[in-house]
Amino acid sequence: MKHHAQIVNSVCFLCTYEAHHNMIFNILWEMVVCSNINMKISATNLLKVIVPYIDAKVASTHVVPALVTLGSDQNLNVKYASIDAFGTVAQHFKNDMMAEVIGSRLYSCCNCRNHVALHDDVISKAFQGKNGRAFLFSHAMNIVVGPKEDRQLRTGLHTVADVYCSDCREVLGWKYVQAYEETQKYKEGKFVLEKSKIAKENW
Ligand SMILES: [Zn+2]
C-alpha cells in the first residue's frame with residue numbers, strides 16, 4: 001500500500017509538467033488494456049487522482065477514453081472503480097465541460113465563477129435591480145431559491161424569492177414566484193439577476 005502511495009505521488013508530480021503527459025498516458029494506457037485486474041484497478045485509481053493536475057482538454061483526449069474502456073470491462077471491480085473515477089472527472093470539469101458542450105455565452109457568479117445563466121435565456125436587459133441594472137432570464141442554473149415573500153415592487157405586488165449562488169451563497173437576484181397584475185404575469189417563474197453580481201463567461 002505504501003508502494004502504491006509512492007507511485008500515486010510520483011505520477012501526480014509528473015502530471016504537473018505537460019511535457020510528461022504523453023509518457024504518462026502511454027504507460028496508463030498499457031495498464032488499461034492489459035489483462036491483469038489489479039493493474040487495471042491501479043490505472044483507474046491513477047486516472048482519478050491526476051484529475052486535479054490536468055486540464056479539460058487532457059481529460060477529454062486521454063482520461064475519458066481510458067475510463068470508457070475500463071467502464072466496459074467484464075470485471076465488476078474494474079467497472080465500479082471506473083464509475084467512481086468518472087464521477088471525479090465530471091465534478092472537477094463541471095464548468096469547463098458545460099461551456100464546451102453548450103458552446104454558448106454564459107453568465108457566471110461574480111464571486112466564484114459558478115455558471116448561473118445562459119445569454120440565450122435573457123428576456124430583457126432593462127430591469128431595475130436592488131443595486132442598479134438587472135437582467136430578466138427565463139432560466140437560471142446552479143442557484144438556490146430562498147423562501148417566498150411578498151414584495152411591493154415598482155410594478156406592483158409580487159411574490160418573490162431571493163436566489164443565491166449554489167457554490168458561494170452570494171445573493172444574485174430574485175425569482176418571480178407570482179405576479180398579481182395581468183400585465184406582470186409574464187414574469188412568473190423567471191429570474192432577475194443583478195448586472196453587478198454576474199460576469200460574462202465564454203464570450
Ligand atoms: Zn458564487
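Good morning. I begin with two helices: H3 and H4 cross in a left-handed manner. A crossing is called left-handed if the near helix is turned anticlockwise from the far one by less than a right angle, and right-handed if clockwise. Helices (H or I, at least four residues) and strands (E, at least two) are DSSP runs, numbered from the N terminus.

Two remarks on the basis of this talk. Residues are numbered from 1 along each chain as its sequence is written. The model is predicted: local features need pLDDT of at least 70, side-chain atom pairs count only at pLDDT 80 or more, and totals for chains, interfaces and linings use all residues.

To return to H3 and H4, their axes come within 11 Å and cross at roughly 145°. Axes here are lines fitted to C-alpha atoms, for helices over the stretch in contact, and angles run from 0 to 180 degrees between N-to-C directions. On the H3 side, Lys40, Thr44 and Leu47 meet Val63, Ala66, Leu67 and Leu70 of H4. This contact of H3 with H4 comprises five nonpolar residues, one polar and one charged. A contact requires the C-beta atoms of two residues, placed from the backbone, to lie within 7 Å. As to class, Ala, Val, Leu, Ile, Met, Phe, Trp, Tyr, Cys and Pro count as nonpolar, Asp, Glu, Lys and Arg as charged, and the others, Gly among them, as polar.

Helix H2 also packs against both of these helices. Against H3 (residues 37-49), H2 (residues 21-33) packs at about 140°, the axes being 7 Å apart. H2 is therefore oblique to H3: angles under 35 degrees count as roughly parallel, over 145 as roughly antiparallel, 65 to 115 as roughly perpendicular and the rest as oblique. Leu28, Met31 and Val32 of H2 meet Met39, Lys40, Ser42, Ala43, Leu46 and Leu47 of H3. Seven nonpolar residues, one polar and one charged make up the contact of H2 with H3.

Against H4 (residues 56-71), H2 packs at an angle of about 10°, with axes 10 Å apart, so H2 is roughly parallel to H4. His21, Phe25, Leu28, Trp29 and Val32 of H2 make this contact with Val58, His62, Ala66, Thr69 and Leu70 of H4. The contact of H2 with H4 has seven nonpolar, three polar and no charged residues.

I turn to the strands. Strands of a sheet pair through backbone hydrogen bonds, either parallel or antiparallel. Six strands form an open sheet in the order S3-S4-S8-S7-S6-S5, with antiparallel pairing; two strands pair if DSSP finds at least two bridges between them. Its edge strands, S3 (122-129) and S5 (143-153), each pair on one side only. S5 and S6 (residues 156-165) are joined antiparallel over nine bridges, and Glu149 stands opposite Val160 in S6.

A second open sheet has three strands, ordered S2-S1-S9 and paired antiparallel. Its edges are S2 (115-118) and S9 (198-201), and the twist averages 35° from one strand to the next. S1 (residues 106-109) pairs with S2 over three bridges, with Tyr107 opposite Ala117.

Leaving aside neighbours within four places in sequence, Ser104 contacts Leu118, His119 and Asp120.
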